[in-house]
Amino acid sequence: VLSDKDAGLDNQVRGIANYHDLLASEAFGNYRTLLGKVTLNPMMGNFLSMRRNEKPDLENNIQSDENYAREMMQLFTLGLSRLQNNGEPVIGANGQPEATYTQEDVVNLARVFTGWNYGDASSMRVSDRTVQSEIIPMKAFEAFHDKTRKTIVGNTEIPAGMNANAELTLALDAIFNHPNVPPFVSKQLIQRLVTSNPSAGYVQRVASIFADNGEGVRGDLSAVVSAILLDEEALTGHQQNQWVFGKLKEPVIKIASIWRAFNAQGKFGRLRYSGIDADSLQNPYSAPSVFNFYSANYKPPGPIGNEGRVAPEAQILHDTTILRAADRLFDYAHAVPLGGANNSNQHTILLDLEAEKALANDVPALVDHLTDKLLAGSISDSLRSTLLELGEATPMTDNGDQRVREILYILFISPEFSVQR
């Protein structure tokens with residue numbers, strides 16, 4: 001997670017865009033490569049204060065900054081609790097989950113991450129920034145790097161005298177090879193891509209691919225994503241365990257899916273969304289903290305939480321966001337043509353509904369078409385009946401334009417469209 005809410009990133013637009021490109025370019029590469037590039041990215045260096053992190057100097061009251069060391073282990077790689085390969089915690093003799101690392105591990109790893117500044121910086125302690133500073137990897141300044149002996153998580157020893165680059169490589173390799181990484185990362189990827197409550201078997205099957213893609217390669221994200229999407233639970237979970245399987249769609253993903261489905265167009269060729277933060281509490285690259293917009297372990301009150309299940313995306317779903325989203329979706333379903341006399345708003349989004357209007361005379365065919373387009377071909381009898389009734393009751397005017405828009409709006413705000421199953 002990177003956010004312009006903190007660390008002065010709100011005016012470093014080029015750097016944040018470059019960070020997005022980094023994630024996109026490495027999404028199907030190797031997780032170790034991604035981890036290394038994220039660690040030396042100057043925007044991450046600013047956000048989690050690894051940039052200009054110095055070796056301890058007790059005489060001058062300087063302590064190494066622990067921010068990146070702590071969050072990299074807790075959120076990017078290991079998690080707080082030791083895990084079995086199926087994602088379940090290892091329970092200690094006291095009946096509680098065993099901790100993955102200690103405060104001493106954090107302190108020692110923080111000392112590994114010392115001596116780095118912008119890739120074009122003239123010295124360690126300057127903060128002058130150029131356009132290049134935001135987009136090229138950070139570089140080491142050895143005089144500010146802690147070269148003393150250290151022991152980090154997993155009892156990995158880092159001998160004294162190593163330079164910053166070599167020490168960074170050794171530490172990241174050790175963390176990447178920790179047994180927690182496959183189940184920890186795999187489970188969260190399953191939650192984002194397929195279902196909020198994967199079975200232990202599903203997590204274990206994917207974690208095994210993370211550990212070894214079948215060719216002796218660890219962290220092959222292409223193989224991991226394939227394993228996630230092609231697993232039997234992903235393919236049949238909606239049939240085998242329909243009341244548990246699935247996930248609430250993130251607001252941004254939900255909106256983007258509408259734009260894609262109907263070839264959305266905006267003023268001046270741009271898709272603009274004003275007020276997205278107020279509408280959904282999810283503004284890309286503006287998360288309120290390093291923990292993102294919601295917790296992966298969030299249990300909403302009521303039936304879901306009472307059963308010990310999680311619904312992470314529900315943490316930003318409440319009365320206000322539901323109503324504001326419904327208003328925005330109404331605008332999408334009923335937007336007047338761009339450039340029309342009643343529409344000069346540069347934030348207007350226009351959907352291409354020509355294919356749908358061509359089916360407007362045949363309401364069942366129209367509903368089936370939209371079911372395939374928006375609901376992956378699966379619709380409840382009650383929702384289909386509602387849409388058929390609404391379609392038949394809406395006059396066939398303007399070549400079916402109003403009929404299509406009325407059906408679309410009900411689909412957009414339906415629980416079935418809000419949940420990915």
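1. In this predicted model, helix 1 makes its packing contacts through its buried residues, which lie against helix 2 (31–39), helix 3 (42–47) and helix 9 (221–230). The buried residues of helix 1 are G15, I16, Y19, L22 and E26. They sit on the same side of helix 1 because they cover an arc of only 110 degrees around the axis. On the other side of helix 1, V13 and S25 are exposed.

2. An α-helix has 3.6 residues a turn, so residues three or four places apart point the same way.

3. Helix 1 comprises 14 residues, 13–26, and its first and last C-alpha atoms are 20 Å apart. This span is close to the 20 Å expected at 1.5 Å a residue.

4. Which side chain of opposite charge is nearest to E250? It is R192, at 4.6 Å. E250 is buried but has no salt bridge, because a salt bridge requires a distance within 4 Å.

5. The side chain of E250 does form a polar contact of 2.6 Å with that of Q282. Apart from neighbours within four places in sequence, E250 is in contact with R192, Q282, Y294 and E313.

6. As for the whole protein, it contains 19 helices and eight strands. Its C-alpha trace spans about 80 × 50 × 40 Å along the principal axes. Of its 421 residues, 46% count as buried. Among contacts with a separation of 6 or more, 64% join residues 24 or more positions apart.

Note on methods: Residues numbered from 1 in each chain as written. Predicted model: local features only at pLDDT ≥ 70, side-chain atom pairs only at ≥ 80, totals over all residues. Heavy atoms only, no water. Buried < 20%, exposed > 50% of the residue type's maximum accessible area, 1.4 Å probe, protein only. Lys, Arg positive; Asp, Glu negative; His and termini not counted. Polar contact = N/O pair within 3.5 Å; in protein donor to acceptor, adjacent residues only side chain to side chain. Contact = heavy atoms within 4.5 Å. Helix = DSSP H or I, 4+ residues; strand = E, 2+ residues; numbered from the N terminus. Expected span 1.5 Å × (residues − 1). Arc of directions from axis to C-beta.
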